[in-house]
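Hello,

Here is the structure I promised to pass on to you. Have a look at it first, and then read on for what I found in it.

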Amino acid sequence: MKRLSLMSSSLLLLKLLNMANTSLSFLLLILVALFTQQLSPSVAKPATFLQDFHITWSEAHIKQLGNSTGIQLLLDQSSGCGFASKSKYTFGMVSMKIKLIPGDSAGTVTAFYMSSDTTANRDELDFEFLGNRSGQPYTVQTNVFARGKGDREQRVNLWFDPSAQFHTYSILWNRRHIVFYVDDIPIRVYKNNEAKGVPYPNSQPMGIYSTLWEADNWATRGGLEKIDWSKAPFYAYYKDFDIEGSTNGLAGAATRSNNWWDAPSYQQLSPVQARSYRWVRVNHMVYDYCTDKTRHSVPPPECLAGI
């Protein structure tokens with residue numbers, strides 16, 4: 001089991017100290033967590049791009065960097081681009097470090113997601129980074145599709161400039177819940193509520209995908225802000241691809257004793273993670289389908305489950 005290094009702990013603390021509207025008690029809890037909380041069990045070296053991924057769309061727009069330890073994605077008027085994992089996984093955790101488009105990125109979407117890639121009963125877990133006009137906060141939209149049903153969007157304004165340096169974005173997926181992380185801080189939890197009749201993605205494996213594309217009909221301020229092609233080309237950068245999951249399908253994933261993500265400590269947020277999660281929701285959440293009364297006069301059942 002891996003703990004955060006002293007260096008990475010210090011860097012994360014400095015980032016937190018710069019956050020606006022952060023309470024002293026929150027910072028103290030995080031400081032304790034940095035040296036006591038097991039945030040990730042992985043000690044494996046992140047894979048190179050070619051080990052685990054292949055290009056699916058517009059090969060000329062993806063450039064490998066640093067002996068294939070990183071890549072550059074390009075969007076211009078001719079095309080966006082995308083890549084996908086060579087394997088599909090049933091439960092586990094996937095992480096990538098991403099540096100997003102700087103400056104005026106309105107109308108662009110950088111997406112990192114898991115998907116069953118099936119026409120019917122699609123399962124999907126989405127990170128979508130919505131471009132903005134210069135000086136505005138970057139918004140990350142998450143969504144969960146289970147057995148073909150999506151429309152579970154939540155949006156969070158990031159509390160840092162994600163184009164200035166790399167940040168880590170992760171998805172934990174096990175039988176109990178799905179957790180979306182930004183730099184090890186949970187920003188979304190989707191629990192398994194099958195007992196309440198709510199679909200949960202646990203019946204098919206999912207691959208890992210990423211795309212950079214133009215979506216100015218909806219991405220920025222609901223489509224009011226259009227892409228400025230005079231700013232093109234647009235670049236996003238990726239590195240440190242880290243995948244841990246079962247590639248043996250549902251049968252392989254059923255062997256709980258061999259899978260760290262089935263350990264009790266990963267079945268719910270720790271008290272410190274729960275405090276961080278609430279901090280994000282109170283200070284940085286800008287949209288939640290659960291509270292959108294124009295869509296749901298009564299909140300969907302999964303919205304009442306807590307964390």
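**What I found**

Tyr238 counts as buried, because its relative accessibility is 1% (buried means under 20% relative accessible area, exposed over 50%, and partly exposed in between, with a 1.4 Å probe and protein chains only). Tyr238 belongs to strand β14; here helices (H or I, at least four residues) and strands (E, at least two) are DSSP runs, numbered from the N terminus.

Residues are numbered from 1 along each chain as its sequence is written, and side-chain values use heavy atoms, with hydrogens and water left out.

**Confidence**

The average pLDDT of the chain is 86, and 82% of the residues score at least 70 (pLDDT is the predictor's confidence in each residue, from 0 to 100). Residues 1–22 have a pLDDT below 50, and this stretch has 42 contacts in the model beyond near neighbours in sequence; a contact means heavy atoms within 4.5 Å. Residues 28–44 also stay under 50, with 37 contacts in the model beyond four places in sequence. Where pLDDT is low, the predicted coordinates should not be read in detail.

**The chain as a whole**

Five helices and 15 strands make up the secondary structure of the chain. Of its 307 residues, 53% are buried. Among contacts with a separation of 6 or more, 68% are between residues 24 or more positions apart. The accessible surface comes to about 13,900 Å², and carbon and sulfur atoms hold 53% of that (areas come from the Shrake-Rupley method with a 1.4 Å probe; for residues, only the protein chains shown count as cover).

**The sheet around β14**

Now back to β14 and its surroundings. An open sheet of seven strands runs in the order β2-β3-β14-β5-β10-β11-β12, with antiparallel pairing (two strands pair if DSSP finds at least two bridges between them). β2 (62–65) and β12 (185–191) stand at the edges with a single partner strand each, so one side of each has no neighbour in the sheet. From one strand to the next, the twist averages 20°.

On one side, β14 (residues 234–246) pairs with β5 (residues 90–99) in the antiparallel sense over eight bridges. There, Lys99 stands opposite Tyr237 of β14. Strand β3 (residues 70–75) is also antiparallel to β14, joined to it by six bridges, and here Gln72 is the residue opposite Tyr237.

Axes are lines fitted to C-alpha atoms, for helices over the stretch in contact, and angles run from 0 to 180 degrees between N-to-C directions.

**Backbone points to check**

Most residues other than glycine have a negative phi, and most peptide bonds are trans. With that in mind, which peptide bond is cis? The one from Ala232 to Pro233, with omega near 0°; Pro233 lies in the loop between β13 (207–214) and β14.

Asp240, in strand β14, has a positive phi near 55°. This residue counts as partly exposed, at 26% relative accessibility. Asp117 has a phi near 55° too, a positive value in a residue other than glycine, but lies in the loop between β6 (108–115) and β7. At 54% relative accessibility, Asp117 counts as exposed.

**An annotated site**

UniProt, in an unreviewed entry, places the feature "glycosylation site" at Asn132; its positions are given in the numbering used here, feature names are shortened, and annotations may be inferred rather than shown by experiment. Is Asn132 buried or exposed in the model? It counts as buried, at 5% relative accessibility. Asn132 is in the loop between β7 (124–130) and β8 (139–145). Beyond four places in sequence, its contacts include Gly103, Asp104, Pro137, Tyr138 and Thr220.

Best wishes

Notes:
This is a predicted model: local features need pLDDT of at least 70, side-chain atom pairs count only at pLDDT 80 or more; totals for chains, interfaces and linings use all residues.
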